[in-house]
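I opened my notebook to look through one structure.

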Amino acid sequence: MTRKADNQDLKQLAELFNQYRIFYHKESDIPAAENFLRERIENKDSEIFVAENEEKLVGFVQLYPLFSSTRMKKYWLLNDLYVNENHRGKGFSKELIEISKALTKSTNACGILLETGKSNDIGNQLYPSCGFEIYDEVNFYEWTNPE
């Protein structure tokens, strides 16, 4: 089952978010993860949906709003998608993508953008199987603040 996350999910959601960050080679920090997610939920900065199995959170997706000037519509950035490794292969990722598509339709947004690494074999199979098309007509650039 998938549903929108709320503050009552924060403890379990922070643990999943921490696992997600560790997967991307970041240091474990559950209290910071919980604070970050609480801010996103309370400030309505993002939409977070969770996958639940037997009353335990097993995955989540987080989407941030963007806007397309040329289309003059909202776009959603699927920034984070994670399913606990013990629950992979059971359709939770696809359910989270489907609820993301439903959000896109309900907000009259023009689509969902996402980025994944070329070495992410699972993601690079998952996204096309869910109707995403690779967009290789542009160069993707990033500037990182050196702080």
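My entries follow, one topic at a time.

**Entry 1: the sheet.** I noted at the start that this is a predicted model. I began with the strands. I found 5 of them in an open sheet, in the order β1-β2-β3-β4-β5. The pairing is mixed. Which strands sit at the edges? They are β1 (2-4) and β5 (112-114), and each pairs on one side only. I also looked up the twist, which averages 30 degrees from one strand to the next.

**Entry 2: strand by strand.** I went along the sheet pair by pair. β1 and β2 (residues 47-53) are antiparallel, with 3 bridges. I picked out K4, and its bridge partner in β2 is F49. β3 and β4 also run antiparallel, joined by 10 bridges. Here G59 stands opposite V83 in β4. β4 and β5 pair in the parallel sense, over 3 bridges. L77 has L113 in β5 as its bridge partner.

Entry 3: I turned to α3 (residues 92-106). This helix lies across β1, β2, β3 (56-68), β4 (73-83) and β5. Its direction is at about 165 degrees to β4.

**Entry 4: two helices crossing.** Next I checked how α1 and α2 meet. Two packed helices are described by the angle between their axes and the distance between the axes. For α1 and α2 (residues 30-43), the angle is about 115 degrees and the axes are 8 Å apart. The crossing is right-handed. Residues of α1 in the contact include L10, L13, A14 and F17. From α2, the contact residues include I30, A33, F36, L37 and I41.

**Entry 5: one asparagine.** I stopped at N18, which is found in α1 (residues 10-23). Is N18 buried or exposed? N18 counts as buried, because its relative accessibility is 5% and the cut-off for buried is under 20%. A polar atom of the N18 side chain lies 2.8 Å from the backbone nitrogen of D29. I then set aside the neighbours of N18 within four places in sequence. That left contacts with E27, S28, D29 and I30. N18 is also one of the α1 residues that touch α2.

**Entry 6: the two sides of α4.** I looked for buried residues in α4 (residues 121-129). They are G123, L126 and Y127. What do they pack against? I found β4, α3 and β5. The face turned away from the buried side carries D121 and Q125, both exposed. Just after α4, G131 takes a positive phi of about 95 degrees.

Entry 7: Most residues other than glycine have a negative phi. E54 has a phi of about 50 degrees and sits in the loop between β2 and β3. E147 also has a phi of about 50 degrees, and its place is in the segment after α4. I checked their surroundings too. E54 is exposed, with a relative accessible area of 74%. E147 counts as exposed at 88% relative accessibility.

Terms used. Residues are numbered from 1 along each chain as its sequence is written. This is a predicted model: local features need pLDDT of at least 70, side-chain atom pairs count only at pLDDT 80 or more; totals for chains, interfaces and linings use all residues. Side-chain values use heavy atoms; hydrogens and water are left out. Two strands pair if DSSP finds at least two bridges between them. Helices (H or I, at least four residues) and strands (E, at least two) are DSSP runs, numbered from the N terminus. Axes are lines fitted to C-alpha atoms, for helices over the stretch in contact, and angles run from 0 to 180 degrees between N-to-C directions. Contact means heavy atoms within 4.5 Å. Buried means under 20% relative accessible area, exposed over 50%, partly exposed in between (1.4 Å probe, protein chains only). A polar contact is a pair of N or O atoms within 3.5 Å; within protein, one must be able to donate a hydrogen and the other to accept it, and residues adjacent in sequence count only if both atoms are side-chain atoms. A crossing is left-handed if the near helix is turned anticlockwise from the far one by less than a right angle, and right-handed if clockwise.
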